[in-house]
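The questions below ask how each label is reached.

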Amino acid sequence: MDIIYFYHSIGVEPESVIRRLMSESNVEKYLKRFPADATYAQLSSALEQQQYAKAILAAHTLKGVALSLELLPLADESRRLLGLLRETSPDTEKISAVYQLIVERIQDLQQ
Amino acid sequence: MTSQKGQRMNREKHNRQKILIAADSDINRSILSDMLGDEFDILEAENGIQAITLLQRFPEEIVLAFLDIIMPEMDGFQVLTIMNERHWIEEIPVIMISAETVPNFVERAYELGATEYISRPFDGRIVRRRAINTIMLYSKQKKLVELVADQIYEKERNNSLLIEILSNIVEFRNGESGLHVLHIQTITEQLFNRLVQMTDQYHLTAEETALIVTASALHDIGKIAIPEEILNKPGKLTPKEYEIIKTHSTQGASLLSSLPFRQKEPLVKIANDICRWHHERYDGTGYPDGLVKDEIPISAQIVALADVYDALSSERVYKKAYSHEKTVEMILRGECGCFNPLLLQCLTDIAADLPERLKIGALSKRNPFRLRTATEKILRHGDLSVSDGTLRLMKHEKTKYQFFASLSHEMRFELTAMPEVLSLSPWCAHQLGLDEVILNPFSNEKILEIIDEEVIRTMRRLLAVTTPENPMVELDCLLNFKGKCRWCKVAVRSMWSEDMPPQNTGLIGKIIDIREE
């Protein structure tokens, strides 16, 4: 299967990505690296462990890579997930940072 | 391939300009790298901290930085902020890349000094063109800055050279060595530096202070009009001869005010004040006008004190040299007339280091450091960055330092203030199992495992009372080396800016294992 066929199979017109990345062989090279890219695994494990800040970061990176390679269905899904995470995810890291800061300041006060 | 050819190719590769690409996805980094890699060496960073490390390591070689906005550890905006704090942004243009197209992201990037903002997905040819244009624009600007800096430098060097020649002629006739003028300049500078730390009542800018130091060399030019027999008379002067000598202050001032033009030049005005009034005394007992207290311009008050110090501590035809201690004691006791109490306090404060500084001042005279800092200041005020040409010497020193640091097994570190970034020498990082660059080190868990918070607090207390004159602090403490606790001596020196008054800019230090001491 060549890359023209591949892009058609996921519903994407391939002209734009080939023009942007300057050759078919470039596009093919990056595509072949994509399955081994760790971003998706990071996203899944962050979601499993409810590490929302990490999940947001990974979803954003995945969106970036998908946009670069014009894997548009994946880019759309990453964008949708990112939106959901940003809107609804409990921001536990921020509260723990603020909490720690305040406790430290109080300890300074007692010295 | 012959080894000679191989070496040449290595050198060519080594000399190529570098582009930094910071993005968290390696596919995205490769895409950019392939677009640019033919003509440039590419340095890749997968997060902001790595980007800062590389910027720190190759400040002169990196000609352009691509920064992704969203990255782990430290994001692109934080990297830009640090680049601003450290003035790197003046030398290294930044192109931001992001899959975010939210207007306030774009705006913020430009506000922080990014040259371009590129959204994903981007076109390879366009990115390449933008990168090359940006590099060319910056290098043209750098060349212009260099030209301007060299011209200012040349002009100031000539000015200063003429003043030195002139004052040396006077001194030669006066039978004194050229050292007197150098000493007056050094003492004047030291007194001023201390004075602006103590008070701002005289509203002195760094430029004025520099001019006063230059003009102080001219304080005795009036002696050119005094007959040589009187000037160099070994014995005691008759009252009449003394009256003639005393006219050198008014003669000097009238020499300057009879210049046919340039009366409005600040240097001429300041030199005039100094010539006329450097024999006035704070209580009104001086000459020629018997001015009292701050009726005497502060420039003349300071040069008067510097003149008396150097006259007492040097040998003259009519007297032997007094020791430094004796000189200070005589001045403080009022044996040479009455001086502004604030200036006497300044003299007391700088006294300990003064003899050493006078030695260094005389030696470094051939090294035009003061000129270079003045040039640098002018360029900063003009919102231009400092040119390569005028800072060659500093770069040379820096390269030398980095070379020796890389060879030595010394545990050195540097902490910059705002933002707090700790940089460790490779050996230090290796020994402690830390990264070479750490942002906000005092909230970093790994650091807190190595050094007790109580020790950090003690160190901060000690550092809080350091000054540019007394910047050193030493502390013995236990440090955790990858699980093994060892007693170490930590020697730290606080660092200060060239501003008036100086601002604390961070610190440098060294860790010494006490067993190896």
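Helices (H or I, at least four residues) and strands (E, at least two) are DSSP runs, numbered from the N terminus. This is a predicted model, in which local features need pLDDT of at least 70, side-chain atom pairs count only at pLDDT 80 or more, and totals for chains, interfaces and linings use all residues. Residues are numbered from 1 along each chain as its sequence is written, chains are lettered from A and ligands numbered from 1 in the order in which they are written, and side-chain values use heavy atoms, with hydrogens and water left out.

Q: What makes up the secondary structure of chain A?
A: Chain A has seven helices and zero strands. Along the sequence the pattern reads α-α-α-α-α-α-α.

Q: Why is A:Leu62 called buried?
A: Buried means under 20% relative accessible area, exposed over 50%, and partly exposed in between (1.4 Å probe, protein chains only). A:Leu62, found in helix 5 of chain A, has a relative accessible area of 4%, so A:Leu62 is buried. Of the 111 residues of chain A, 33% count as buried.

Q: Which residues is A:Leu62 in contact with, leaving aside its neighbours within four places in sequence?
A: Contact means heavy atoms within 4.5 Å. On that basis A:Leu62 is in contact with A:Phe34, A:Thr39, A:Tyr40, A:Leu43, A:Leu74 and A:Ser78. A:Leu43 lies 19 residues from A:Leu62 along the chain, and their C-alpha atoms are separated by 8.5 Å.

Q: Why is helix 5 of chain A called oblique to helix 2 of chain B?
A: Two packed helices are described by the angle between their axes and the distance between the axes. Axes are lines fitted to C-alpha atoms, for helices over the stretch in contact, and angles run from 0 to 180 degrees between N-to-C directions. Angles under 35 degrees count as roughly parallel, over 145 as roughly antiparallel, 65 to 115 as roughly perpendicular and the rest as oblique. Helix 5 (residues 52-68) of chain A and helix 2 (residues 26-36) of chain B pack at about 40 degrees, with their axes 9 Å apart. Helix 5 of chain A is therefore oblique to helix 2 of chain B.

Q: Which residues meet between helix 5 of chain A and helix 2 of chain B?
A: A:Gly64, A:Val65 and A:Ser68 meet B:Ile27, B:Asn28 and B:Ile31. By class (Ala, Val, Leu, Ile, Met, Phe, Trp, Tyr, Cys and Pro nonpolar; Asp, Glu, Lys and Arg charged; the others, Gly among them, polar), this contact of helix 5 of chain A with helix 2 of chain B has three nonpolar, three polar and no charged residues.

Q: What makes helix 13 of chain B oblique to helix 14 of chain B?
A: The axes of helix 13 (residues 298-313) of chain B and helix 14 (residues 324-332) of chain B come within 9 Å and cross at roughly 135 degrees. That angle makes helix 13 of chain B oblique to helix 14 of chain B.

Q: Why are helix 12 of chain B and helix 13 of chain B called oblique to each other?
A: Helix 12 (residues 266-277) of chain B and helix 13 of chain B pack at about 50 degrees, with their axes 8 Å apart. Helix 12 of chain B and helix 13 of chain B are therefore oblique to each other. B:Asp273, B:Ile274 and B:Trp277 in helix 12 of chain B meet B:Ser299, B:Ala300 and B:Val303 in helix 13 of chain B.
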